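The structure is shown first.

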Protein chains: 2
Amino acid sequence: MARARRPGSYVCGIDAAMDVIGGKWKVLILWALHEKPCRFGELRRELPGVTEKVLAAHLRELEADGIVHREAYDEVPPRVEYSLTERGETLNEALGPLGDWGKENMLGGVSAAAGQMREDDDVALIAGRP
Amino acid sequence: MARARRPGSYVCGIDAAMDVIGGKWKVLILWALHEKPCRFGELRRELPGVTEKVLAAHLRELEADGIVHREAYDEVPPRVEYSLTERGETLNEALGPLGDWGKENMLGGVSAAAGQMREDDDVALIAGRP
DNA sequence: CAGCATCCTTCACGATACTG
DNA sequence: CAGTATCGTGAAGGATGCTG
């Protein structure tokens with residue numbers, strides 16, 4: 001996306017990861033799918049402003065990278081469900097510290113860090129999100 | 001960079017962080033400066049392929065975001081040294097898990113994880129780099 | 001040495017319209 | 001509903017040349 005995709009060799013792991021999440025909506029898609037598997041139109045509603053074309057393209061890329069799973073049900077009307085793969089979940093977790101950093105340093109360094117964070121989910125891992 | 005810079009409000013911390021490191025060479029600059037403070041030309045040699053214009057632009061943005069510090073010495077010939085700020089260091093650390101993920105999942109999931117990793121530096125934190 | 005000034009290319013993203 | 005097809009745009013990035 002933001003750079004040459006799949007040149008075969010990256011300078012480092014960050015480079016490779018940046019390639020995977022380099023799309024404008026990639027991380028938002030990741031976040032939306034982490035909350036719950038979503039259908040196409042559902043996803044579109046979760047990401048205000050994204051166009052069908054771009055959403056479809058991003059989903060195809062994420063699928064190619066093994067981040068999301070696409071399940072098409074042969075029904076009428078057609079139904080397709082997107083969900084995170086195991087690899088997608090680990091990516092989401094790896095994004096956690098970065099999200100924390102962004103929230104602390106770029107947003108209003110809210111002190112939401114300590115105390116009011118629930119732990120019944122893996123909120124601790126993926127904090128710094130909406 | 002890759003998206004609208006400083007719209008004033010991001011969807012989440014990841015969004016904000018992605019904005020900071022969204023440039024094509026940003027993370028490489030971060031990495032180079034983490035190893036040691038660098039002069040402009042030095043930095044250029046560390047990043048094969050980057051042009052002066054782009055490197056200068058990225059450095060200015062990183063400086064504006066409080067990630068790197070620019071120290072200009074009034075000598076002849078002119079000398080400028082770039083280094084990571086405290087915030088830059090924390091960003092670098094926050095990038096660690098992502099680097100690990102990229103190395104494990106996108107590169108040759110090398111088993112370099114265990115054993116042959118030296119710990120005299122903070123290698124453990126910022127693994128997955130060159 | 002450390003840059004800024006220009007011009008140019010390219011690619012991600014967007015808008016709109018149309019199918020199975 | 002879940003997409004494809006086509007056309008258009010803007011901004012990031014690259015190439016080259018010049019300056020304090």
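In this predicted model, A:Ala72 has A:Val80 in S3(A) as its bridge partner. Strand S2 (residues 68-73) of chain A and strand S3 (residues 79-84) of chain A run antiparallel and are joined by six bridges; two strands pair if DSSP finds at least two bridges between them. Five residues lie between S2(A) and S3(A), and the two strands form a hairpin. Strands (E, at least two residues) and helices (H or I, at least four) are DSSP runs, numbered from the N terminus.

| Item | Chain A and chain B |
|---|---|
| Residues in contact (heavy atoms within 4.5 Å) | 36 residues of chain A, 36 residues of chain B |
| Buried area (accessible area, 1.4 Å probe, lost on being put together, summed over both) | about 3,300 Å², 76% of it on carbon and sulfur atoms |
| Salt bridges (side-chain nitrogen of Lys or Arg within 4 Å of a carboxyl oxygen of Asp or Glu) | zero |

In chain A, the most area is lost to chain B by A:Ile14, A:Leu98 and A:Trp101, together 21% of what that side buries. Helices H1 (13-20), H2 (26-35), H5 (86-94) and H6 (96-105) of chain A each give two or more residues to the side that touches chain B.

Residues are numbered from 1 along each chain as its sequence is written, and chains are lettered from A and ligands numbered from 1 in the order in which they are written. Local features need pLDDT of at least 70, side-chain atom pairs count only at pLDDT 80 or more, and totals for chains, interfaces and linings use all residues, while side-chain values use heavy atoms, leaving out hydrogens and water.

Key
Buried area is the accessible area (1.4 Å probe) that two parts lose on being put together, summed over both.
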